[in-house]
Amino acid sequence: MSVSSSYERFFDIPIGPQHPALKEPLFLKLIVEGEHVVAADVDVSYTHRGIERAMQERNYVQNIYLAERICGICNVAHTLCYCQNVEGLYDVEIPSRALYIRVLVEELARIHSHLLWLGVAAHEIGFDTLFMYVWRDREIVMDLIEEVTGNRVTSAINTIGGVRRDVKPETCDKCLKAMDYIEERTKYYKRVCKTDPTIAARCVGVGILKPDEAVRLCAVGPTLRASNVKYDVRADDPYAVHDEVPFNVIVYDTNDSFGRILVRIDEIFESINMVRYCIKHMPSGPVRARLRLNPPVGEHLSRVEAPRGELVHYVKSNGSEKPERYKVRTPTFENLSALCEMLTSKGNYVVNIADVPVVFASIDPCLSCTSRVAILDSERGKIWIGSLEELKRLKR
Amino acid sequence: MAMLPEVFRHIFKKRATLMYPFRDREKIPVPEGLRGKMSFNRELCIGCGLCARFCPSGAAKLVEDDKGKRPIFYIDQCLFCAQCEEVCPRKAITLTREFEVAGFNRSNLVVK
Ligand code: SF4
Ligand code: SF4
């Protein structure tokens, strides 16, 4: 990246890929003028695992568990997206109880993901007391997920044709009780975030992303909604039973990191209400439709709203027991270009080096699910991360 | 400053963590349907190989013993996904609630 300047006062500051302030391997190249970041470049290619290729080598059932491992925190979103995708190849109706359980677990996972993020954000700000309290309360949701699905993190609840286990009435009662507690605690955390001077000082006006820029750079999820753009896959392209379960799309018009905190906290409340609705209105019946092992020839694309934003999976089937092509596009990948925008000072808006971790944390990055294809340009001796589209373009 | 009263209240609360693994082992809430280490019943198995075919991580491997084909489970590779339990036509595999499977010797991490 080059920055034109009439005088030579710019410095490159490399941060990462191993750095005490970052939990994940990310390489940030900041170009600074004094304390101010004037340009930023991101490299996320340190955790490329070749999952898409590995999926082509395994059958559809094994791939459920591989898709689950694209991301630990949003594993429910990934299996949901994968299973919807493969079900789309068949012409089949999924039992409605299964869809309710899917939404129930998805929303529980969203609550836990947003609480996790709130803790991480508090930690980046330097507010470790809040971090510990939030993570303690998050354990309650983790225990619920363990109770419903059989495991704390990798839930393995979704399967092709429905869900793998039913929810017991006692578990539902426990869920409702826990939701009351989480709601009360989240109300308290919202009050803390709104009144605490530390959080205000570190977040208000930091990491500005204007609505038109957010749309232009294809930001997704809470990052987009904090820039006052009302877009949520659950509302705009409802899957599972999201057309029946009522909820509000939360938007804030502050355009900054503070807005992103509030969007996520308010989404926790919405998710709590959705969990309650699902438990109260869950129909009885089977939880799984049995499907043939080999899906018909065809291709399908499915989207879900993961906690971090819109997640897209694409599958191409040739009628055999393994997919011919599988493609995943994760929300963090979409948010990276918006991140570079947020890290660029212009006009009155300045980004200090000390703000970088907060801004970076505000998109809720998940890098290991983002790293997709590394392109090596031998002529220019450059490596960068590209999408499938870019790869196709290069091949031509 | 909504934080201060909360912080003071916590001085008198009981601690949220357990002294695992030195104490409090029995206090860990292990739910009913937890997917832990599997148990395998050789008598029921007919050696169809479905468990090995659908195991996502290659932890279930089909071998031959004096009674014919049967799987061996290498739990150091196992994801505890319970797919083998799900596909087994004879219910020879059950995932138990035992979750403490860490060890120093890989050869102990095998279910036969
Ligand atoms: S639980 Fe899953 S990973 Fe473990 S042996 Fe069974 S199928 Fe394989
Ligand atoms: S699926 Fe069941 S019956 Fe078949 S080989 Fe495995 S354990 Fe034996």
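## Close-ups of chain B

**View 1. B:Leu79 and what it touches.** Leaving out neighbours within four places in sequence, B:Leu79 is in contact with A:Tyr65, A:Arg69, B:Pro56 and B:Ser57 (contact means heavy atoms within 4.5 Å). Everything here comes from a predicted model, where local features need pLDDT of at least 70, side-chain atom pairs count only at pLDDT 80 or more, and totals for chains, interfaces and linings use all residues. Residues are numbered from 1 along each chain as its sequence is written, chains are lettered from A and ligands numbered from 1 in the order in which they are written, and side-chain values use heavy atoms, with hydrogens and water left out.

**View 2. The loop around B:Leu79.** B:Leu79 sits in the loop between β3 (68-74) and α3 (83-87) of chain B. Helices (H or I, at least four residues) and strands (E, at least two) are DSSP runs, numbered from the N terminus. With a relative accessible area of 23%, B:Leu79 is partly exposed; buried means under 20%, exposed over 50%, and partly exposed in between, using a 1.4 Å probe and protein chains only. B:Gly36 is 43 residues away from B:Leu79 in sequence, yet their C-alpha atoms are 9.4 Å apart.

**View 3. The two sides of helix α1 in chain B.** Along α1 (residues 3-11), B:Met3, B:Glu6 and B:His10 are buried. Looking down the axis of α1(B), those buried residues fall within an arc of 65°, so they line one face of the helix (the arc is that of the directions from the helix axis to the C-beta atoms). As a reminder, an α-helix has 3.6 residues a turn, so residues three or four places apart point the same way. What covers the buried residues of α1(B) includes α5 (128-149) and α6 (169-195) of chain A. On the face turned away from the buried side, B:Phe8 and B:Ile11 are exposed.

**View 4. Chain B, zoomed out.** Chain B has 3 helices and 5 strands, and they run α-β-α-β-β-α-β-β along the sequence. Its C-alpha trace spans about 70 × 25 × 20 Å along the principal axes. The radius of gyration is 20 Å, whereas a compact globule of 112 residues would have one near 13 Å; this is taken over C-alpha atoms, and the globule rule is 2.2 Å times the number of residues to the power 0.38. Of the 112 residues in chain B, 37% count as buried. Among its contacts between residues at least 6 apart in sequence, 66% join residues at least 24 apart.
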